[in-house]
Structure formats: C-alpha cells, structure tokens
Amino acid sequence: MKFYLAPMEGLTGFVFRNAYQKHFGNIDTYFTPFINNKKMNYKEIKDILPEHNEGMQVIPQILTSSAQEFVKMAKELAQMGYTQVNLNCGCPSATVTTKHKGSGVLENPKQLDEMLAEIFEKCPIQVSIKTRIGMEQDWEWEDILEVYSHYQIAELIIHPRVRQDFYKNTPRLEPVKASLDKLQCPVSYNGDLFCVGDVKRVSEQLPGLQACMLGRGLIADPGLVLTIRNGANINKDTLRAFHDEILEEYSRVLSGEKNAMYRMK
C-alpha cells in the first residue's frame with residue numbers, strides 16, 4: 001500500500017512538504033494544493049518550483065472547468081519537469097462549484113466527458129483525477145464512472161462522498177468497489193482516514209487499492225504513516241523539530257512572526 005499526502009489549501013504547501021519529508025519521509029507522493037488561475041500567481045509558482053520540491057515525488061493539482069486552461073497549465077508544468085498533473089473534480093466549496101469547478105464539474109457528465117476528451121487528446125503529460133462521486137446523490141456515480149472509463153487516466157483517487165456531504169456523513173465504499181471492478185487504471189482512496197484502524201478497514205474491504213491519501217488525519221498526527229507501516233509511535237523530539245522547522249520557514253517566507261503564527265494556528 002502506498003500513501004499520499006492530500007492537497008490542502010493553506011496547509012500542505014512546500015514548507016510543510018519539505019519539513020515532513022525531512023523528519024518523516026514516508027509519503028510516496030505529495031499532491032500540491034490546487035492551481036486555480038489562467039496564469040499562475042507568485043504563490044502558486046513558488047509552491048511548485050522544482051527547487052522547492054527536491055527529493056520528493058510531487059504532482060501539481062489543477063482546478064478548472066476549461067480543457068484549454070488545463071492543457072495550457074499542463075504544458076507549463078511539463079516545461080518545469082513534471083510528468084503528471086492532477087485534475088481536481090472534488091472540491092465541494094460553493095465558491096468553486098458555482099463556477100462548475102471542483103465537484104461542480106460532476107453535475108453534467110456529458111460536459112465532463114467533453115472536457116476530458118479534449119484534455120486527453122492534447123495534454124502532453126499524464127493526467128490523474130481526484131474526484132467525488134457526485135453532487136447530491138450516490139446514483140450519480142454510475143454515469144460519472146462510465147465517463148472516466150473512456151480515458152487512460154493515470155490514477156483515479158476517489159473521495160466517496162457527494163458534494164452535498166462536504167466532510168460530513170460516512171464515506172461510501174461501494175462506489176470505490178465498483179471502480180476497482182470497472183477501471184483498468186490504478187484506483188486510490190481518500191476520506192476519513194484518522195488512525196491505523198481506519199486504514200486497515202479500508203484496505204481490507206477494498207483489496208486492489210493503489211494507495212490511501214491522507215489529509216486531516218496526517219495533519220493531526222504526522223506520525224500516522226510511521227505507525228501504520230512499522231507500529232512505531234511518533235518521537236516527541238522529532239515532532240518538536242518538525243514543528244519548529246515549519247514555524248521557522250513560515251517566519252521567513254511569510255515576512256514576519258505574526259503571519260507565521262496565524263499560519264501555524
């Protein structure tokens with residue numbers, strides 16, 4: 001089983017990734033918080049610069065409903081040396097979905113199909129997708145999964161909630177099982193993995209998973225993957241060094257201790 005770090009805006013940027021890699025180093029792939037502009041801003045460029053991500057497997061994530069914008073951004077990322085990019089089809093925020101981005105692209109499977117057709121025809125690098133299973137109802141997944149089955153997706157990472165759930169209610173495993181049966185591409189799981197038991201339950205019920213993507217669970221317990229893999233508990237000195245390095249780097253890149261303090265909170 002592989003383990004991924006979820007893209008979390010304001011939390012898992014390059015400062016966190018580098019500190020985590022240095023002190024723990026047990027994440028197979030780091031996904032960057034999404035890029036959400038026709039042209040990358042300074043903050044986004046800084047987060048994905050190769051020199052800020054050395055020694056790690058990093059995949060940038062793009063948030064858009066435009067195939068043209070996606071391909072343009074993917075070409076820029078390819079020039080920076082990236083060989084894969086991730087499409088965000090999962091963000092449930094209203095400010096995102098009202099623009100038909102994130103999980104908003106799932107509302108109309110026909111339009112999703114048209115967007116993916118152009119992306120997979122023109123994108124110069126591999127494309128993986130992080131997705132929810134629909135906007136309001138579980139049954140939407142059948143049509144969405146059919147669309148995904150038409151394309152050579154590098155990997156499908158499923159957060160098995162609908163947009164309406166946000167982060168409430170229990171993630172459903174049946175849509176993930178259906179995906180493992182139907183798709184040829186690797187399938188990974190994301191959602192409510194907070195302890196060793198959660199990961200064990202999911203991996204036992206979903207044999208064939210490529211990976212588990214950890215977000216809030218790993219932020220709360222940076223030693224979680226260490227415990228899963230080796231049964232070892234986090235060392236308090238390592239945790240302190242990890243914390244202090246993040247604080248020091250935020251103080252440097254955010255221009256002062258006050259901004260760093262708010263980011264740490």
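This is a predicted model: local features need pLDDT of at least 70, side-chain atom pairs count only at pLDDT 80 or more; totals for chains, interfaces and linings use all residues.
My helices and strands are DSSP runs numbered from the N terminus, helices (H or I) of at least four residues and strands (E) of at least two.

Residues are numbered from 1 along each chain as its sequence is written, and side-chain values use heavy atoms, leaving out hydrogens and water.

**H5 with H6**

I looked up where they sit: H5 covers residues 109-122 and H6 covers residues 140-148. Their axes (lines fitted to C-alpha atoms over the stretch in contact) come within 10 Å and cross at roughly 15 degrees, with angles running from 0 to 180 degrees between N-to-C directions. So I wrote down H5 and H6 as roughly parallel to each other (under 35 degrees; over 145 is roughly antiparallel, 65 to 115 roughly perpendicular, the rest oblique).

Which residues of H5 and H6 meet? From H5 I found Pro-109, Leu-112, Asp-113 and Leu-116, and from H6 Asp-143, Ile-144, Val-147 and Tyr-148. Contact here means heavy atoms within 4.5 Å. I sorted this contact by class and got six nonpolar residues, two charged ones and no polar ones. (Nonpolar is Ala, Val, Leu, Ile, Met, Phe, Trp, Tyr, Cys and Pro; charged is Asp, Glu, Lys and Arg; polar is the others, Gly among them.)

**H3 with H5**

Next I followed H5 to another partner. H3 spans residues 67-79, and its axis comes within 9 Å of the H5 axis, crossing at roughly 25 degrees. That angle makes H3 roughly parallel to H5. I noted a right-handed crossing for H3 passing H5. On the H3 side I listed Ala-67, Gln-68, Phe-70, Val-71 and Lys-75; on the H5 side, Met-115, Glu-118, Ile-119 and Lys-122. My class tally for the contact of H3 with H5: it has five nonpolar residues, one polar and three charged.

**H11 with H12**

Then I went to H11 and H12 (residues 257-264), whose axes come within 8 Å and cross at roughly 135 degrees. H11 and H12 are therefore oblique to each other. H11 passes H12 in a right-handed crossing. I saw His-243, Ile-246, Leu-247, Tyr-250 and Ser-251 in H11 meeting Glu-257, Ala-260, Arg-263 and Met-264 in H12. This contact of H11 with H12 splits into five nonpolar, two polar and two charged residues.

**Pockets**

Last, I checked the pockets (on a 1 Å grid over the protein atoms alone, open sets of points where a 1.4 Å probe fits, with protein on both sides within 12 Å along at least five of seven lines; lining residues have an atom within 4 Å of a point). The largest pocket is lined by 26 residues, and Ala-6, Pro-7, Met-8, Lys-130 and Tyr-167 lie nearest its centre. I counted that lining as 13 nonpolar, eight polar and five charged residues. Strand S9 (211-214) and helix H9 (216-220) each supply at least two residues of the lining of the largest pocket.

For the second largest pocket, I noted that H2 gives the most to the lining, with five residues.

Key: A crossing is left-handed if the near helix is turned anticlockwise from the far one by less than a right angle, and right-handed if clockwise.
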